[in-house]
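Student: Please take me through one packing contact in close detail. Then carry on from there to how other parts are put together.

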Amino acid sequence: MSVQKTLNGNQTIAEAVRQIDPDVMAAYPITPSTAIVETIAQFKADGLISGEYVCPESEHSAMSVCIGAASAGGRVMTATASQGLALMWEMLYIAAGLRLPIVASIVNRALAAPISIHGDHSDTMGARDAGWIQIYSENCQEAYDNFIQAFRIGENLDVRTPVMVGLDGFIISHSMEVVKTEDDAAVKKFVGEYQSVYPLLDTSKTFTVGPIDFTDYYFEHKRNQMEGIENAPKVILDVGKEFGETFGREYGFFEEYRMDDAEICIIVMSSAAGTCKDAVDELRDAGINIGLLKPRVFRPFPHHEIAEALRGKKAVAVLDRCASPGAFGAPLFTEVRSALYDLEDRPKIVNYVYGLGGRDIQIEHFKDVAKKLARIAETGKVEEIYGYINLRE
Amino acid sequence: MAKLKDIAQLEDRLVAGHGMCLGCGIPLIFKVALRATEDPLIISNATGCLEVCTTIFPRTAWNTTWVHSAFENAAATMAGIEAMYKSLKRNGKLPQDKEIKFLATAGDGGTYDIGLQALSGAMERGHNFVYLCYDNNAYANTGGQRSSATPFGASATTSPAGSEIPGKLQRKKDLTKILAAHNIPYVAQANPARWQDLYNKAKKAFEVEGPAFLNVLCPCPTEWKYDESMTVKLAKTAMDTCVWPLYEVDNGKYKINYTPKEKKSVTEWLKPQGRFRHLFKEENAWVIEEYQKQVDEDWEELHKLVEMTK
């Protein structure tokens with residue numbers, strides 16, 4: 001039976017960690033994810049978890065510890081944010097290349113310079129080609145639910161790929177919310193027993209893990225790796241459906257909010273999607289046919305499904321909490337725009353960057369976007385394909 | 001006391017077929033040190049000569065479980081393996097009587113320089129594994145760049161001897177003492193020329209509860225530029241000149257394991273090696289004098305540490 005608790009985002013992740021009780025947890029403190037690590041350490045001190053907790057001297061070592069532990073054969077998690085994820089960057093690729101299903105909770109935060117402790121998606125978006133599955137959460141409840149599902153998805157034997165679960169720094173990590181948490185036993189049962197593949201600790205055999213490839217093998221090994229993440233979409237949907245059947249909250253690749261008869265549409269991920277829903281409701285009350293599409297899974301990117309969801313729309317605005325300097329639009333935009341290419345009757349599409357370094361985005365800002373979309377829908381013309389929201393220029 | 005005859009009977013963990021250079025010190029060190037435990041052994045190996053030369057896919061020269069993840073993190077990777085071992089054992093997911101030994105290893109580049117932080121962290125946290133540094137005084141895998149283990153006066157590709165600068169003008173980092181300062185149960189310096197000492201030290205390192213660190217001088221004919229038949233002889237010269245003293249720090253107590261009957265001049269160490277050739281030009285005589293002074297100071301300090309920790 002689920003229990004309603006008042007928790008912030010970091011506490012929901014820590015609570016899920018306590019329930020899942022991974023064999024090894026290795027994490028280094030960094031704002032705004034520090035409380036996750038502190039809470040795990042306290043759980044360990046109080047005997048509430050039986051796994052091994054390692055407090056390494058850097059995030060690079062934290063991910064290295066995770067890699068060693070996962071290759072030894074067992075369930076492993078970590079948590080970090082921002083510069084911490086950036087310091088892990090080298091090891092992210094190695095975790096994915098060695099097919100180790102580590103789960104990382106990433107409290108999304110801006111990257112320096114200038115140094116900022118507040119939330120945006122620059123950290124995980126910078127790691128989007130590292131070979132990890134990426135799932136983003138709108139609120140504390142989703143952070144909890146996504147984190148639990150991440151183990152099932154990453155550890156699936158057809159997938160065997162690490163997973164990062166994003167939640168917005170401060171906006172979610174430090175905001176109290178009423179969260180439904182499930183029974184310890186039910187969560188443990190849902191996650192299931194960890195199945196080791198080539199565990200180093202099985203000394204009945206000898207393994208050589210992480211050898212050097214020359215030009216004759218590297219390409220094939222990378223291709224094999226990609227098969228894991230290519231197998232993930234089906235598993236993500238199966239796990240999301242089973243989660244719904246078990247706990248009453250079903251998940252897919254994305255959430256569609258009032259999209260059925262919408263002519264114009266905003267695409268935005270994570271916490272801003274919550275504000276956007278209120279904006280959509282107010283705009284609908286004012287007679288504007290607008291909808292929201294909130295991507296949940298960014299890697300693997302559900303390009304086909306998103307294109308289908310946008311079929312027939314007149315104008316779409318993609319809002320990115322991250323810039324991609326020098327690129328033709330920010331990361332979510334370039335993915336969506338590419339996904340639309342094969343539609344014969346494509347919607348017009350624009351990109352707005354918002355919320356860098358934790359800058360607020362409010363209902364009024366979404367209404368401004370809606371106005372611009374309405375004009376594009378009416379005229380069929382895009383004047384400015386790229387812009388910024390709530391920025392002094 | 002182990003006899004060579006008995007040690008030689010034990011199964012090799014590093015077998016034939018690797019691609020290390022003729023005269024390389026690495027196989028000499030590993031063939032002896034890895035025989036010092038008969039338990040199952042898991043090795044975490046940093047990027048470097050040993051890694052590259054033993055595991056060109058699809059071949060492996062390892063007759064024991066071996067993992068490589070990156071350059072600077074052999075210790076952190078091993079910390080993860082050891083943490084998983086403890087966790088699974090404690091929770092009944094591995095048999096209680098299952099004994100496995102763990103060894104992390106890197107060259108001096110992966111230990112003195114880029115891997116120092118991860119090494120220090122793992123030692124401070126008390127993970128129960130042996131770290132073995134094979135110190136060949138340079139980034140030998142990539143063609144002999146300077147490391148902080150490169151000796152004073154040596155020419156390396158990133159500290160070359162030229163008409164104005166006579167090679168590397170910074171003193172070698174004393175890593176063994178840095179590790180001793182971690183107050184871990186066992187720290188030692190060894191040398192493949194004295195295989196029995198190396199074997200005994202590796203055995204102690206595997207047997208202690210908690211972290212142990214072995215720093216082993218590893219002659220490199222390719223980058224030190226000497227005749228490859230001279231590897232063991234040169235390693236012995238390093239002991240006899242006190243350039244690389246054999247000592248151990250056993251639970252904080254320093255002990256010198258080898259004292260030459262007659263301490264030889266550093267020129268005997270420098271002369272056979274091409275990397276020091278430029279030092280024998282008249283204008284560079286001061287470098288040799290300075291090097292001798294450093295070696296003498298270190299040797300003297302070592303005796304003081306023995307006295308102080310008696």
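Tutor: An axis here is a line fitted to C-alpha atoms, for a helix over the stretch in contact, and angles between N-to-C directions run from 0 to 180 degrees. The model is predicted. Take helix 4 (residues 74-90) and helix 6 (residues 116-125) of chain B. Their axes come within 7 Å and cross at roughly 35 degrees. Helix 4 of chain B brings B:Ala75, B:Ala76, B:Met78 and B:Ala79 to the contact. Helix 6 of chain B answers with B:Ala118, B:Leu119, B:Gly121, B:Ala122 and B:Arg125. By class, these residues divide into 7 nonpolar, 1 polar and 1 charged.

Stay in chain B for burial. In helix 2 (residues 25-33) of chain B, 8 of the 9 residues are buried, so this helix is largely enclosed by the rest of the structure. The buried ones are B:Gly25, B:Ile26, B:Pro27, B:Leu28, B:Ile29, B:Phe30, B:Val32 and B:Ala33. Their cover includes helix 3 (49-54), helix 8 (195-207) and helix 10 (231-240) of chain B, along with strand 4 (130-135) and strand 6 (212-217) of chain B.

Now chain A, and a sheet. Strands pair through backbone hydrogen bonds, either parallel or antiparallel. In chain A, 6 strands form an open sheet with mixed pairing, in the order 10-12-11-14-15-16. Strand 10 (254-257) and strand 16 (386-388) of chain A are at the edges with a single partner strand each, so one side of each has no neighbour in the sheet. From one strand to the next, the twist averages 20 degrees. Strand 14 (residues 315-320) and strand 15 (residues 348-353) of chain A run parallel, joined by 6 bridges. A:Val318 has its bridge partner, A:Asn351, in strand 15 of chain A. Helix 12 (residues 331-340) of chain A packs on this sheet. Helix 12 touches strand 11 (264-267), strand 12 (290-295), strand 14 and strand 15 of chain A, and its direction makes about 150 degrees with that of strand 14.

Last, the domains. Chain A is assigned domain 1 (3-247) and domain 2 (254-388). Their centres, taken over C-alpha atoms, are separated by 28 Å. Across the boundary, 27 residues of domain 1 of chain A are in contact with 20 residues of domain 2 of chain A. On the domain 1 side, the elements giving two or more residues include helix 5 (122-126), strand 7 (163-168) and helix 8 (218-230) of chain A. Strand 6 of chain A gives the most to that side, with 4 residues. That side has 13 nonpolar, 9 polar and 5 charged residues.

Notes. Residues are numbered from 1 along each chain as its sequence is written. Chains are lettered from A and ligands numbered from 1 in the order in which they are written. This is a predicted model: local features need pLDDT of at least 70, side-chain atom pairs count only at pLDDT 80 or more; totals for chains, interfaces and linings use all residues. Two residues are in contact if their C-beta atoms, placed from the backbone, lie within 7 Å. Ala, Val, Leu, Ile, Met, Phe, Trp, Tyr, Cys and Pro count as nonpolar, Asp, Glu, Lys and Arg as charged, and the others, Gly among them, as polar. Domain bounds come from an automatic or database domain assignment. Two strands pair if DSSP finds at least two bridges between them. A residue is buried if 20 or more other C-beta atoms lie within 10 Å of its own, exposed if 12 or fewer, and partly exposed in between; C-beta atoms are placed from the backbone.
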